[in-house]
Amino acid sequence: MIRRFDEPVVFDQTISVIDSHTCGQPTRVVVEGSGIAPGTDPIAAREILAQSRDWVRRLAVFEPRGHRSMFGVALIEPANAGEPFGVVYMDANGYPDMCGHATIGAVTTLFEAGYLTPEPADLTGAQTLTLHAPMGVLELTARFEAGRCVAVAFRTPLAYYLGSQELRLADGSLCTAEIANGGQWYAYVPVENAGLSIAPENIDALVGAAVPVREALAAQLSLVDPVTGVVPQVGNIVWTSAPDTEDAQARNVPISSAGSFDRSPCGTATCARMATLAAKGELAVGEAFVNQGLVGTLYQGELVDAARETAVAGFIPQVEGSAWMTGRATFWRDPHDPLGEGFLV
């Protein structure tokens, strides 16, 4: 006899999610099942997930429900009505401090799924709000057309340029990496160093070519982060090039140490890229910077000010992009499934 799906089935791990993509890059928001109490500080929430509930990340991000480039967000509801939501970011590597595309995706999801409603005056217009993230309090502006959230701009507290590092790769060749932080650490390398161009058909080769650069950084990076006093670990290699459209100033594709890559221009990488250009005198505060991603989509960027109360000379960046919801689902782990909690290939 075939067991009917609606008969009682016991699953020991269950989450409910809403999916979206931000300019091509997926975000999976865990709206139920994370076990995080409303109003929990994002850093404390991240510690709870990492230490005792990492299965939430694995169910949301790993195969067979996700993939290496899937990005998750655990939603933290406010303790009281009118207070800001919080988020914990989750990917194949772990729990980043910040993610731009996922912030845009999560905020769009909050409005489009009815967790937040635009103020009547903002049914067509803009609304400001804040979001609590591990990096700190993010200032946001959501834009609406006929009640729909059509774009979200996020502003982070700090992006800064660390410096330039010459690297000798395993094959004896040299390349120069520009190191900067926009919520995560990034190493920017012209794609000509890989003998390639930024295009979807080249992505496997670009992922592979990032490996020796990452290995050289791990062995040779000598720049000390003035914020922490130590040499940072830089796992994100960002191939850069000129754009293929007059609507943008630059193009890039970030490759993470997990082998994932960003289809969008990458929000935090755009923040760090703007800080790098500004530190080198190639971008002014208040000047528009449009960044193109792997699949041709665009982020609108700007350095809104210099960071004034920080331990490092940096900038306050803002990036705007658009996200679209793609579906919702409930995921569970069958306790009898040996691969039920997820895997990566």
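Burial and packing in a predicted model

Leu 303 is found in strand E14, which runs over residues 298-307, and the model discussed here is a predicted one.

Me: Why is Leu 303 called buried?
Reply: Leu 303 has a relative accessible area of 0%, and buried means under 20%, so Leu 303 is counted as buried.

Me: What is Leu 303 in contact with, leaving aside its neighbours within four places in sequence?
Reply: The residues in contact with Leu 303 include Met 274, Ala 275, Ala 278, Leu 283 and Val 285, and also Phe 315, Ile 316 and Pro 317. For Pro 317, which is 14 residues from Leu 303 along the chain, the C-alpha atoms of the two residues are separated by 4.4 Å.

Me: Why is Gln 127 called buried?
Reply: The relative accessible area of Gln 127 is 9%, and the cut-off for buried is under 20%, so Gln 127 is classed as buried. Gln 127 lies in strand E5, residues 125-133.

Me: What makes the approach of the side chain of Gln 127 to the backbone nitrogen of Glu 119 a polar contact?
Reply: A polar atom of the Gln 127 side chain lies 2.9 Å from the backbone nitrogen of Glu 119, and a polar contact requires a pair of N or O atoms within 3.5 Å, one able to donate a hydrogen and the other to accept it. Beyond its neighbours within four places in sequence, Gln 127 is in contact with Glu 119 and with several other residues, among them Phe 111, Thr 117, Leu 140 and Phe 144.

Me: Why is helix H2 described as largely enclosed by the rest of the structure?
Reply: Seven of the eight residues of helix H2, residues 54-61, are buried, so the helix is largely enclosed by the rest of the structure. The buried residues are Asp 54, Trp 55, Val 56, Arg 57, Leu 59, Ala 60 and Val 61, and they pack against helix H1 and against strands E1, E2, E3, E4 and E16.

Conventions
Residues are numbered from 1 along each chain as its sequence is written. This is a predicted model: local features need pLDDT of at least 70, side-chain atom pairs count only at pLDDT 80 or more; totals for chains, interfaces and linings use all residues. Side-chain values use heavy atoms; hydrogens and water are left out. Helices (H or I, at least four residues) and strands (E, at least two) are DSSP runs, numbered from the N terminus. Buried means under 20% relative accessible area, exposed over 50%, partly exposed in between (1.4 Å probe, protein chains only). Contact means heavy atoms within 4.5 Å.
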